[in-house]
Amino acid sequence: MTDSHETGGTGSTRSRRVPLAWLGLTPFLAYVTLVFLVPIGFILFEAFRRTTTTGATRDPVTQQFVKHSETTFTLDNIHDSLQGIYRTSLVTSVKLSAITAILGAIFGLLLATAVVSSSSAFLRQVVTSAAAVTANFGGIPLAFLFIATLDANSGIVTLFLQDHFGISLQDDLGLQLPELSGLSLVYLYFLIPLMVLVMAPALEGLKPQWAEAAENLGASRWTYWRLVAAPVLLPSFLGAVLLLFCSAFSAYATAYAINSAFPLITIRIDAVLSGNVLAGQGNLGAALALLMIVFVLPLTVIYQLLQRRTSRWLA
Amino acid sequence: MQTPRRTRLAGTAALAALGLALAACGSDNSSSPTATGSSSTTTTDWATAQSAEAGGGMEALVAAAQKEGTLNVIALPPTWANYAEIISTFKKKYGIKVNSENPDGASADEINALKSTKGQSSAPDVVDVGNSFALSGAQDGLYAPYKVATWNDIPDGQKDTGGLWTSDYGGYISIGCNATKVGTCPKTIKELDNPAYKNMVALNGDPTESNSAFQGVWALALANGGSADDIQPGIDYVKKLNDEGIFNKTQVTPATVASGATPIVLDWDYLNVAEGTELAKKGQKWEVNDPADGLVSAYYAQAINRSAPHPAAARLWEEYLYSQDPDGGQNLWLKGYARPIELVAMQKNGSADQAAVAKVPPVTDKNPFVPTQDQVTKATATVTKNWAAAVAG
């Protein structure tokens with residue numbers, strides 16, 4: 001108690017609250033340590049280690065092998081994770097995430113603007129509820145939904161276009177479900193609603209008084225959007241783009257269920273850690289995970305900075 | 001098909017790392033596991049018994065296993081090679097409870113479980129893993145040596161000489177084909193290269209992750225001048241099929257087979273035949289051919305956890321799986337359209353279930369394809385390096 005009196009400074013009521021507040025925080029801190037900090041520590045540790053086996057001899061009585069191996073700290077895993085299929089996967093992951101984040105942001109913003117400016121409260125309710133559901137729809141059900149509609153052999157839409165218009169979705173329109181084009185469409189299915197959910201509150205934060213004030217000062221609608229609304233919304237818009245990017249970057253199950261051979265870094269991590277072909281490549285998996293962290297970490301920092309800027313106007 | 005063995009919900013970096021973390025945590029609390037099982041019998045320590053005979057015979061083994069009362073298994077999907085019946089028959093026959101953990105897990109998951117649950121009562125007693133995991137697990141000292149009573153009926157090369165692992169069941173890469181949709185089905189690998197099969201030909205997954213896809217590529221290689229030393233022609237053939245628009249990259253699942261999204265699938269014959277019986281119920285014909293120009297077979301392997309929490313039950317399970325009785329594991333696998341490892345011997349001594357044999361695609365395999373571990377390692381490296389470029393675009 002004496003300690004807290006000295007540090008608290010503003011009186012006994014406040015200083016007594018400090019330890020209690022920390023107590024309340026403990027479960028959270030324990031959780032963060034266990035599922036976030038400890039794993040990151042292991043990734044950092046494992047990514048730079050490699051065990052090389054030089055041979056093994058068998059004990060004639062126990063029949064067990066005695067292995068001669070050596071574990072060293074090395075950059076080999078990092079080197080390998082930037083070669084061949086792993087490099088391709090990283091590039092494709094970034095490409096897919098960037099394309100879908102930007103498209104998702106644009107379409108999501110348009111939809112959110114339409115919804116927020118709608119006079120029907122019912123419509124707003126319905127769209128936000130639907131967005132909340134579809135933004136969290138993913139994995140195998142989503143994958144099969146698209147296979148059932150857009151697959152080259154059996155998709156309902158594919159067959160409909162073929163039978164009634166003679167158009168091939170794959171050849172004429174270039175939409176290959178298991179490829180970048182198709183997977184982008186699938187990702188947009190949950191990224192656009194996510195964008196609506198994130199941007200709707202920001203759009204609602206635009207005070208009508210600002211538009212009125214601008215109008216009183218002789219600004220056109222366009223000038224208002226350009227000089228008032230856009231600068232206010234820009235930080236939360238960019239923040240949302242980053243959120244979408246990270247969401248797409250870390251996604252895995254949906255793409256895997258459509259095309260498990262598609263070069264994505266998350267699918268590669270799965271292949272080295274828990275596949276049926278590659279044995280004993282855990283350290284390479286850690287190196288790949290480290291690459292993802294290296295990519296996402298600066299984005300998270302920028303996101304935080306943008307959030308701070310957003311709250312200046314749209315608290 | 002193979003996918004359910006590997007389906008999981010999320011694979012973010014954090015999750016992957018958590019696996020590593022748990023694996024590492026688990027290895028710390030290994031508390032002399034070999035000693036735990038020995039108390040159940042007065043004379044025999046089944047944890048170190050290398051055969052039923054060495055431990056005092058089958059009766060002693062059954063008694064000790066029943067005293068333990070439980071068997072922990074892992075990664076045995078009920079719809080895979082008849083495992084549902086194999087497990088239920090074992091339960092009934094011996095009155096031993098079977099805990100089936102993570103039924104859809106992959107070989108790597110099984111190895112991770114052995115490492116991370118070392119010394120715990122929930123650790124898997126036995127594993128059923130792909131060949132490369134059998135070899136690496138033996139090298140890592142994860143398995144206990146044990147030779148089943150029918151040891152001599154298992155071909156050499158399909159078992160570790162010391163008994164650390166033993167091949168159990170397997171099959172050939174086959175071409176499954178929806179005859180209702182496709183019309184004339186391809187019977188050989190060379191016949192796949194036909195414009196009529198546009199967008200139809202699929203492997204079961206990614207060859208760097210799915211063993212059946214990996215072996216599928218090897219079968220394609222054999223038909224195109226490849227060998228155990230050279231898997232590249234298989235990759236080149238897929239590239240050709242891909243360039244011609246014949247190769248289908250959709251992830252194969254029972255749903256895509258049923259809906260017709262993947263009309264031609266290269267996969268293990270026991271999975272394709274099982275798929276066929278399902279489709280027949282819906283009035284569709286699923287034809288299965290083992291391609292004569294690319295006969296590739298592979299077998300899974302059994303191994304006992306070196307620190308199994310139920311050492312006697314684990315050994316009894318092995319005796320049961322390798323039993324040639326009508327209700328033994330070998331015939332039950334055969335009923336699941338898989339080829340049990342003792343099939344050749346069973347055909348000779350007349351113990352094989354002939355009705356079940358008739359349902360497995362016939363194969364004349366004069367030069368069985370058995371690549372060495374070095375050849376597998378080399379082929380894996382080649383596929384990892386060249387696969388992505390071959391199927392790009």
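Predicted model: local features only at pLDDT ≥ 70, side-chain atom pairs only at ≥ 80, totals over all residues.

Visitor: What is the phi of B:Ala81 near?

Guide: First the general idea. Most residues other than glycine have a negative phi. Now the case here. Phi of B:Ala81 is near 50 degrees, a positive value, and the residue is not glycine.

Visitor: Is B:Ala81 buried or exposed?

Guide: Burial is read from relative accessible area, and under 20% counts as buried. B:Ala81 has 4%, so it is buried.

Visitor: Where is B:Tyr337, and what is its phi near?

Guide: B:Tyr337 lies in the loop between α12 (329-335) and β10 (339-340) of chain B. Its phi is near 70 degrees, again a positive value in a residue other than glycine. B:Tyr337 counts as buried because its relative accessibility is 14%.

Visitor: Now a helix. Which helix holds A:Thr100?

Guide: A:Thr100 belongs to helix α4 of chain A, residues 84-117. Its relative accessible area is 0%, so A:Thr100 is buried. Now look at what surrounds it. Beyond its neighbours within four places in sequence, A:Thr100 is in contact with residues including A:Ser184, A:Tyr187, A:Leu188 and A:Ala248.

Visitor: How do I read a charged residue that is buried?

Guide: Look for a partner of opposite charge. The salt-bridge limit is 4 Å, from a side-chain nitrogen of Lys or Arg to a carboxyl oxygen of Asp or Glu. Take A:Asp151, in the loop between α6 (139-150) and α7 (156-165) of chain A. A:Asp151 is buried but has no salt bridge. The nearest side chain of opposite charge belongs to B:Lys181, 7.0 Å away.

Visitor: Which backbone nitrogen lies 3.0 Å from a polar atom of the A:Asp151 side chain?

Guide: That of A:Ser154. A:Asp151 also touches residues of both chains, among them A:Phe146, A:Gln170, B:Thr250 and B:Ala261.

Visitor: What about A:Ser154 itself?

Guide: A:Ser154 is in the loop between α6 and α7 of chain A. It is buried, with a relative accessible area of 13%. Its side chain has a polar atom 3.4 Å from the backbone nitrogen of B:Ala261. Leaving aside neighbours within four places in sequence, the contacts of A:Ser154 include A:Ile147, B:Ser259 and B:Gly260.

Visitor: That takes us across to the other chain. How is the size of an interface given?

Guide: Often as the accessible area lost when the parts come together. Here about 4700 Å² is buried between chain B and chain A. Carbon and sulfur atoms give 56% of that area. The contact takes 65 residues from chain B and 51 residues from chain A.

Visitor: How many salt bridges cross the interface of chain B and chain A?

Guide: Three. One joins the side chains of A:Arg268 and B:Asp206, at 2.8 Å from N to O. Polar contacts are counted too: 15 residue pairs between chain B and chain A, both residues at pLDDT 80 or more.

Visitor: Which elements give two or more residues to the side of chain B that touches chain A?

Guide: Among them are α1 (13-26), α5 (131-139), β4 (143-144) and α15 (373-390) of chain B. α1(B) gives the most, with eight residues. By class, that side of chain B has 27 nonpolar, 27 polar and eleven charged residues.

Conventions
Residues numbered from 1 in each chain as written. Chains lettered and ligands numbered in written order. Heavy atoms only, no water. Helix = DSSP H or I, 4+ residues; strand = E, 2+ residues; numbered from the N terminus. Buried < 20%, exposed > 50% of the residue type's maximum accessible area, 1.4 Å probe, protein only. Lys, Arg positive; Asp, Glu negative; His and termini not counted. Polar contact = N/O pair within 3.5 Å; in protein donor to acceptor, adjacent residues only side chain to side chain. Contact = heavy atoms within 4.5 Å. Buried area = accessible area lost by both parts, 1.4 Å probe. Nonpolar A, V, L, I, M, F, W, Y, C, P; charged D, E, K, R; others polar.
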